[in-house]
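Here are my notes on the model you sent over.

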Amino acid sequence: MARPPKQRCICSLPRITGFSPEGGQADGTVELTYDEYEVIRLLDYRQMTQEQCARRMGISRPTVTRIYDEARRKMADMLINGRNLHIGGGDVCVCPAVRPECEGEEHCCHRDREMSRGWRG
């Protein structure tokens, strides 16, 4: 019997949840889940290692690799075939408060809320 999937922890929901191609009619939509978005953000944008990404999300390194491979495949499909991109869904939990590892995190939704209330960290 397969092990039940582990819920993935993400820092925040993305501010932008979709993209559309220019110069022609989109040929369908690619659905990128929140955990796939988070893996791309941590590995490619934040330049973390897969081990660091796995610790941040509370999952194993092989799971990060599987998520990353699927996200890259979807993004290639979007770019090559001129499809819309929609970001949403997946079995994730958004961290409930600013964590120490979020220091300097540009996209932390909790930091945005705290800053609007006058928090300085």
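1. Which helix does Arg61 lie in? Arg61 belongs to helix H3. Bear in mind throughout that this is a predicted model. With a relative accessibility of 35%, Arg61 counts as partly exposed. Leaving aside residues up to four places away in sequence, Arg61 touches Gln50, Glu51 and Ala54. Thr49 is 12 residues from Arg61 in sequence, and their C-alpha atoms are 9.5 Å apart.

2. Now the residue just before it in the numbering. Ser60 sits in the loop between H2 and H3. Ser60 also counts as partly exposed, because its relative accessibility is 35% and that class covers the range between 20% and 50%. From Ser60 to Gln50 it is 10 residues along the sequence and 9.1 Å through space, C-alpha to C-alpha.

3. A quick overview. The protein chain has 4 helices and 5 strands, and from the N terminus the order is β-β-β-α-α-α-β-β-α. Of the 121 residues in the chain, 35% are buried. If you take the contacts with a separation of 6 or more, 72% of them are between residues 24 or more positions apart.

4. On to the helix pairs, starting with H2 and H3. Two packed helices are described by the angle between their axes and the distance between the axes. Helix H2 covers residues 50-57 and helix H3 covers residues 61-81; they pack at about 100°, with axes 8 Å apart. That angle makes H2 roughly perpendicular to H3. On the H2 side the contact uses Gln50, Glu51, Cys53 and Ala54, and these meet Arg61, Val64, Thr65 and Tyr68 of H3. By class, that contact has 4 nonpolar, 2 polar and 2 charged residues.

5. How do H1 and H2 cross? Their axes come within 10 Å and the angle is roughly 135°. H1 is therefore oblique to H2. The crossing is right-handed. From H1, the residues Asp35, Glu38, Val39, Arg41, Leu42 and Leu43 meet Gln50, Cys53, Arg56 and Met57 of H2. Sorted by class, this contact has 5 nonpolar, 1 polar and 4 charged residues. Note that Gln50 and Cys53 turn up here and also in the contact of H2 with H3.

6. H1 and H3 complete the set of pairs I looked at. Their packing angle is about 100° and their axes are 9 Å apart, so the two helices are roughly perpendicular to each other. H1 contributes Asp35, Glu36, Val39, Ile40, Leu43 and Asp44, while H3 contributes Val64, Ile67, Tyr68, Glu70, Ala71, Arg72, Lys74 and Met75. The class count for this contact is 8 nonpolar, no polar and 6 charged. Val64 and Tyr68 of H3 take part here and also meet H2.

7. Why is H1 described as largely enclosed by the rest of the structure? Because 10 of its 12 residues are buried. The buried residues are Tyr34, Asp35, Glu36, Tyr37, Glu38, Val39, Ile40, Arg41, Leu42 and Leu43. Charged side chains are on that list too, among them Asp35, Glu36, Glu38 and Arg41. The cover over these buried residues includes helices H2 and H3 as well as strands S1 (8-10), S3 (29-32), S4 (84-87) and S5 (92-94).

8. One backbone detail deserves a look. Gln47 has a positive phi of about 60° even though it is not a glycine. Gln47 is placed in the loop between H1 (34-45) and H2, just after H1. Is Gln47 buried or exposed? Gln47 counts as exposed, because its relative accessibility is 65%.

9. Last, the cysteines. How many disulfides does a search of the whole structure find? The search finds 0.

How values were computed. Residues numbered from 1 in each chain as written. Predicted model: local features only at pLDDT ≥ 70, side-chain atom pairs only at ≥ 80, totals over all residues. Heavy atoms only, no water. Axes fitted to C-alpha atoms, helices over the stretch in contact; angles between N-to-C directions. Parallel < 35°, antiparallel > 145°, perpendicular 65-115°, else oblique. Contact = heavy atoms within 4.5 Å. Buried < 20%, exposed > 50% of the residue type's maximum accessible area, 1.4 Å probe, protein only. Disulfide = S-S within 2.5 Å. Left-handed = near helix turned anticlockwise from the far one by under 90°.
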